[in-house]
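Welcome, and thanks for taking a look at this one with us. Below is a short briefing on charged side-chain pairs and on a ligand and its surroundings.

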Amino acid sequence: MPVTIKTPHEIELMREAGKILARVHENLEKELRPGMSTLDIDRIGEEMIRSYGCEPSFKNYQGYPASVCVSVNEEVVHGIPHPHHYIQEGDIVSLDIGVIHKGYHSDAARTHGIGEISREAELLIERTRQSFFEGVKYARAGRYLHRISRAIGKYAGSFGYGVVRDLCGHGIGSELHEEPEIPNFRQFRWGVRLRPGMTLAIEPMINIGLPDVLWLDDEWTVITEDMSLSAHYENTVLITKGEPEILTLTDSEIAAGIGGKKKR
Ligand code: MF3
Ligand code: CO
């Protein structure tokens with residue numbers, strides 16, 4: 001499958017899908033409390049998705065059983081919500097969510113601290129987020145994909161963090177996972193040349209310790225091999241003729257100049 005170029009109509013639907021997902025993340029963050037279960041988070045998230053008339057992208061995707069991937073502390077991604085896995089003060093919790101709106105997917109992840117968290121956890125979350133914005137600077141027509149990968153890996157690596165290599169970002173559109181794969185570290189191939197109308201899910205997964213990960217017996221949950229903390233940050237991005245358009249930010253995130261220039 002080649003990389004798809006979205007038509008103006010498809011782009012409009014991807015924008016809508018992105019805005020809805022940005023709101024789901026914003027609202028779900030407000031619900032997080034110590035003592036709730038990871039399944040509570042999934043249930044609330046799924047209800048929010050459906051309240052917008054959307055379907056959760058992940059539910060039953062290749063057998064994944066939930067709508068929200070909830071990954072706590074050393075869990076990197078694809079944590080399975082569980083009724084007796086309770087989140088606690090001091091935890092860091094990554095929420096990865098996809099929605100299908102009128103046949104088009106958006107995909108985004110955020111990592112949140114629960115109550116007071118350690119300074120090192122706070123820095124990990126912030127720098128993981130910033131690594132996305134370092135990469136997205138190169139999400140421009142005419143550039144080659146490897147520039148995004150290199151920028152993310154270089155920034156995150158500069159703190160001594162382990163950049164996860166076994167999982168990647170991806171193209172996105174009428175399918176959750178489209179071409180191309182988007183690694184978060186330096187590549188020896190240039191990869192595709194970016195063109196307006198491409199939509200990419202860029203998603204650094206960064207460990208405080210080593211980059212190595214392993215899969216639990218549930219065949220989904222990915223954890224750090226050294227049990228160090230891990231953070232995840234992801235947005236769906238549209239390549240345009242000019243600045244990249246990040247589709248899964250709320251208006252207030254954009255106004256606050258998250259990762260970019262302040263709007264005046
Ligand atoms: N953002 C993740 C990804 O792109 C979410 C997939 S979870 C799955 O791989 F359950 F749907 F696989
Ligand atoms: Co993704």
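A residue counts as buried when its relative accessible area is under 20%, as exposed when that area is over 50%, and as partly exposed in between. With a relative accessible area of 18%, Glu134 is therefore buried. Please keep in mind that this is a predicted model. Across the whole structure, a search finds 13 salt bridges, and the space taken by ligand 1 is the second largest pocket.

**A salt bridge between distant parts of the chain**

- Asp251 and Lys19 form a salt bridge, with their closest N and O atoms 3.0 Å apart.
- This pair links distant parts of the chain, as Asp251 belongs to helix α5 (residues 251-255) and Lys19 to helix α1 (residues 8-31), 232 residues apart.
- Asp251 has a relative accessible area of 51%, so this residue is classed as exposed.
- Lys19, at 23% relative accessibility, is partly exposed.

**A salt bridge within one helix**

- Arg119 pairs with Glu122 in a salt bridge whose closest N and O atoms are 3.1 Å apart.
- Both residues are in helix α3 (residues 119-136); because they are three residues apart there, about one helical turn separates them.
- Arg119 is exposed, at a relative accessible area of 56%, whereas Glu122 is partly exposed, at 37%.

- The buried residue from the opening, Glu134, meets Lys137 through their side chains in a salt bridge of 3.0 Å, N to O.
- Lys137 is partly exposed, its relative accessible area being 46%.
- Elsewhere on the salt-bridge list, Glu46, Arg50, Glu55 and Lys59 are joined into one network by salt bridges that share partners.

**Ligand 1 and its surroundings**

- Which residues come nearest to ligand 1? Of the 13 residues around ligand 1, they are Tyr64, Asp96, His170, His177 and Glu203.
- His170 places a polar side-chain atom 2.7 Å from an oxygen atom of ligand 1.
- In the side chain of Glu203, an N or O atom is 3.1 Å from an oxygen atom of ligand 1.
- For Asp107, an N or O atom of the side chain is 3.1 Å from a nitrogen atom of ligand 1.
- How much of ligand 1 does the protein bury? Taken alone, ligand 1 exposes 330 Å², and the protein buries 94% of that.

Terms used: Residues numbered from 1 in each chain as written. Chains lettered and ligands numbered in written order. Predicted model: local features only at pLDDT ≥ 70, side-chain atom pairs only at ≥ 80, totals over all residues. Heavy atoms only, no water. Salt bridge = Lys/Arg side-chain N within 4 Å of Asp/Glu carboxyl O. Helix = DSSP H or I, 4+ residues; strand = E, 2+ residues; numbered from the N terminus. Buried < 20%, exposed > 50% of the residue type's maximum accessible area, 1.4 Å probe, protein only. Near = heavy atom within 4 Å. Polar contact = N/O pair within 3.5 Å; in protein donor to acceptor, adjacent residues only side chain to side chain. Areas by Shrake-Rupley, 256 points an atom, 1.4 Å probe, with all protein chains shown as cover. 1 Å grid on protein atoms, 1.4 Å probe; cavity = no way out; pocket = protein on both sides within 12 Å on 5 of 7 lines; lining within 4 Å. Sits in = over half its atoms within 2 Å of the grid points.
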